[in-house]
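Please work through the exercises below on the structure shown here. Each task is followed by a solution in steps.

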Amino acid sequence: MKVQNQAEYAAQLTTICQLSSSWFVRQDNKFYSVDRPTVKLSKSDVESIILYRLAEEFPNIELSNELVRGMFRRIIAERHTNRAESIPVWNGKTSCHPGNPNRMVWERGSVSLNSWSRPAYRELRINAVEYGPLLALADAMFASKREIELLLDWIAWNLQNEHDKPFWAPFLYSSSKGTGKSTLCRIIADLFGRENTATQNNVDQLTGRFNSTVLLSKLVVCEETHLRPGSSQGNTLKANITEEYMLVERKGIEAERLRQCCCFVFTSNHFPTWMETGERRYQVFDVDHDGCAGGKNAKEFGRLAATCRAYYENEENLGKLYNALMCRKPSAHFDAKSLDLTHFRTPTMERLADLADHTIVDQLAEVLNEKGAVVVAQAQVVEIIRNTLGGSTNQTKYLMDDLGWRKRNLKWGGIDHARAIWHRPEVHLDAGKIFGSGYDGVPIADYLEKNSGFPAQELVDDV
């Protein structure tokens, strides 16, 4: 259709300028797509992309040379203050702003990118309120109504407060496979939007150095979660769950402190014995049942899971579930910021607490007490933790600190360089000897060979 008059031309120019300028940002004479800001584009690249996309968006508008020249002049070349009709300068930041439909957030004349986008099903404006087969799936998976209510309250709170973050996470555990964990996580991901969800097969990327993709998501689903007790990855997970501001790093770009609003869901086929006593960052749900793979009701449960997947693939049905959760009022005991371990203490959590009472710290204390040790070489501690207790050697310092032992670096045993050695606070070490609490100058090497159970030649340097 040809431009018939100046008014029509102006209207078309405004329309295509506003749309095309919302697709890109610029920085240092390079352009970036808001959907893929890691790839640099030249000016000619951007112009070609815009033309193709406009042809798809407005097949009834004739993109005449005059109209195209006017558009590129307006959005790229001209300097003006009409934000809606100019490709803005990107300040290099990307952050997650749930609930904000704009992909760009203006900050003092430049923009940061919003990694959150509104899920397509919410544009349908469905008015019906209906849980659908989710309740039947939950009944089949969970051991009690209280656990179902807690999980639904958690999902509802996060959808109702999408800009905020909870300080604890559901942990779905089952020793058997095929219990519906992945199906349930898929439904939750659909509610938040697949584009706003990061799904990991383990904790490596979540706890790794370059964690920007994960921490800029709204929902993080971490499957096959399995950690060593006291590991540094466990400490990183705790920070991710509870800290609102984190250092986010991308390859080739200096780490920056950004607000993150992630909520997390963890799954595993391994019982999480790595959790500490009184852990309040996870609520463990045991979702083992007889509908698991190979169970007596496997076929029936398989049909139910398939029904759920097919039902919520329909965006209208997903919209009904979203409305039901948005209308939901959490129970009086629910608190997204603090898990009530007394009210929600399930048999699974009690079992976990019993196991956590006998942590690797307790086991190390038992080994040392059985030996009656007052001095232990670093090599011995590493040997006990790694081979006897099955822990990580990275835990050595933290475990011994927890027990109140003190570390010294000094020369002993005829070796002419200092080596690390641990001692109880009631004794002290000097000139390669032990003093105090019944010891009056006993050589460290003699004591270790007689009392440690290690031959002297095995007392090697630090590991």
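This is a predicted model: local features need pLDDT of at least 70, side-chain atom pairs count only at pLDDT 80 or more; totals for chains, interfaces and linings use all residues.

Residues are numbered from 1 along each chain as its sequence is written, and side-chain values use heavy atoms, with hydrogens and water left out.

**Exercise 1.** Identify the residues of the largest nonpolar core that touch the most other members.

Solution. Begin with the terms: a nonpolar core is a set of buried Ala, Val, Leu, Ile, Met, Phe, Trp, Tyr and Cys residues joined through side-chain atoms within 4.5 Å. Buried means under 20% relative accessible area, exposed over 50%, and partly exposed in between, with a 1.4 Å probe and protein chains only. The largest core has 70 residues, and Phe142, Leu191 and Phe266 touch the most other members. Helix 5 (residues 145-160) gives the largest share of this core, nine residues; helices (H or I, at least four residues) and strands (E, at least two) are DSSP runs numbered from the N terminus. Another core, of 26 residues, lies apart from the largest one and includes Ile384 and Val427.

**Exercise 2.** Classify the ring pair of Phe266 and Tyr282.

Solution. Rings of Phe, Tyr and Trp (its six-membered ring) pair if their centres lie within 6.5 Å; planes under 30 degrees apart count as stacked, over 60 as edge-to-face and the rest as tilted. The whole structure holds 14 aromatic pairs. For Phe266 and Tyr282, the centres are 5.6 Å apart and the planes stand at 70 degrees, so the pair is edge-to-face. This pair links distant parts of the chain, with Phe266 in strand 12 (residues 263-268) and Tyr282 in strand 13 (residues 282-286), 16 residues apart. Phe266 counts as buried because its relative accessibility is 0%; Tyr282, at 1%, counts as buried too. Finally, Phe171, Phe264, Phe266, Trp274 and Tyr282 form one aromatic cluster.

**Exercise 3.** Describe the lining of the largest pocket by residue class and by element.

Solution. On a 1 Å grid over the protein atoms alone, a pocket is an open set of points where a 1.4 Å probe fits, with protein on both sides within 12 Å along at least five of seven lines; lining residues have an atom within 4 Å of a point. The lining has 35 residues, and Pro37, Thr38, Thr94, Thr213 and Leu216 lie nearest the centre of the pocket. By class, eleven are nonpolar, 13 polar and eleven charged, where Ala, Val, Leu, Ile, Met, Phe, Trp, Tyr, Cys and Pro count as nonpolar, Asp, Glu, Lys and Arg as charged, and the others, Gly among them, as polar. By element, strand 3 supplies the largest share, four residues; strand 4 (90-95) and helix 8 (212-215) are among those that supply at least two.

**Exercise 4.** Are Ser21, Arg108 and Ser437 buried or exposed?

Solution. Ser21, in the loop between helix 1 (6-20) and strand 1 (24-27), is buried because its relative accessible area is 4%. The C-alpha atoms of Ser21 and Pro88 are separated by 7.8 Å, although these residues are 67 apart along the chain. Arg108 is exposed, with a relative accessible area of 88%, and its phi is near 55 degrees, a positive value in a residue other than glycine. Ser437, at 52% relative accessibility, counts as exposed; its phi is near 50 degrees.
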